[in-house]
Amino acid sequence: MTDIDSGTDELLANADDGVLTLTVTNSSMKEARETGIVVRGGSVRSARATTLVASGPYEVNTFQHPDRVHPTSQDVPVSAQPLVYRFP
């Protein structure tokens, strides 16, 4: 698993109304990162991942093609801590 503190990836967290939002950047353009997520002082009952996808790493949205980069979401199974997720 990747050590999020390694300086190669970035993590931001925000908790509001019982919902914890993690914003993660995988800096590798070639490798997915499997990461264990531990929530101290609380528990994870459900998880959902929203990922920005595109046909290539240099794609951008334009007025002519506003959906070249678009979000896709999926439920993430939660069974125990740490919650393990593979960031694409």
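Asn26 is buried, at 16% relative accessibility; buried means under 20% relative accessible area, exposed over 50%, and partly exposed in between, with a 1.4 Å probe and protein chains only. Asn26 sits in strand β2. This is a predicted model: local features need pLDDT of at least 70, side-chain atom pairs count only at pLDDT 80 or more, and totals for chains, interfaces and linings use all residues. Residues are numbered from 1 along each chain as its sequence is written, and side-chain values use heavy atoms, with hydrogens and water left out.

- The side chain of Asn26 reaches the backbone nitrogen of Ser28 at 2.9 Å.
- The Asn26 side chain also reaches the backbone oxygen of Phe87, at 3.3 Å.
- A polar contact of 3.3 Å links the side chains of Asn26 and Arg33.
- A polar contact is a pair of N or O atoms within 3.5 Å; within protein, one must be able to donate a hydrogen and the other to accept it, and residues adjacent in sequence count only if both atoms are side-chain atoms.
- Arg33 belongs to strand β3, residues 33-37.
- Arg33 counts as buried because its relative accessibility is 19%.

**Overall fold**

- The chain has six strands and zero helices.
- Its pattern along the sequence is β-β-β-β-β-β.
- Helices (H or I, at least four residues) and strands (E, at least two) are DSSP runs, numbered from the N terminus.
- Of the 88 residues in the chain, 16% are buried.
- Among contacts between residues at least 6 apart in sequence, 52% join residues at least 24 apart; contact means heavy atoms within 4.5 Å.
- The chain exposes about 7100 Å², and carbon and sulfur atoms supply 50% of that area.
- Accessible areas come from the Shrake-Rupley method with a 1.4 Å probe; for residues, only the protein chains shown count as cover.

**Nonpolar core**

- The largest nonpolar core has seven residues: Ile37, Ala47, Ala49, Val76, Leu83, Tyr85 and Phe87.
- β4 (47-53) and β6 each supply at least two residues of this core.
- β6 gives the most, with three residues.
- A nonpolar core is a set of buried Ala, Val, Leu, Ile, Met, Phe, Trp, Tyr and Cys residues joined through side-chain atoms within 4.5 Å.
- In soluble globular proteins, nonpolar side chains tend to be buried together.
- Beyond neighbours within four places in sequence, Ala49 is in contact with Thr72, Ser73, Gln74, Val76 and Tyr85.

**Largest pocket**

- The largest pocket holds about 1400 Å³ of space.
- It is lined by 39 residues, and the closest to its centre are Leu22, Val24, Ala49, Thr50 and Phe87.
- β2 (19-26), β4 and β6 each supply at least two lining residues.
- β2 gives the most to the lining, with eight residues.
- On a 1 Å grid over the protein atoms alone, a pocket is an open set of points where a 1.4 Å probe fits, with protein on both sides within 12 Å along at least five of seven lines; lining residues have an atom within 4 Å of a point.
- Grid points are joined across faces, edges and corners, and a volume is the space filled by probe spheres set on the points.

**Cis peptide at Pro82**

- Gln81 and Pro82 are joined by a cis peptide bond, with omega about 0 degrees.
- Most peptide bonds are trans.
- Pro82 lies in the loop between β5 (70-76) and β6 (83-87).
- Pro82 is partly exposed because its relative accessible area is 35%.
- Not counting residues up to four places away in sequence, Pro82 touches Gly36, Ile37 and Val38.
- The C-alpha atoms of Pro82 and Val44 are 9.6 Å apart, across 38 residues of chain.

- Ala32 is placed in the loop between β2 and β3.
- With 31% relative accessibility, Ala32 is partly exposed.
- Ala32 and Pro88 are 56 residues apart along the chain, yet their C-alpha atoms are separated by 4.4 Å.
- Ala32 touches Asn26, Arg86, Phe87 and Pro88, leaving out residues up to four places away in sequence.
- Ala54 is in the loop between β4 and β5.
- At 38% relative accessibility, Ala54 is also partly exposed.
- Leaving aside neighbours within four places in sequence, Ala54 is in contact with Glu59, Arg68 and Val69.
- Ala54 and Asp67 are 13 residues apart in sequence and 8.6 Å apart from C-alpha to C-alpha.
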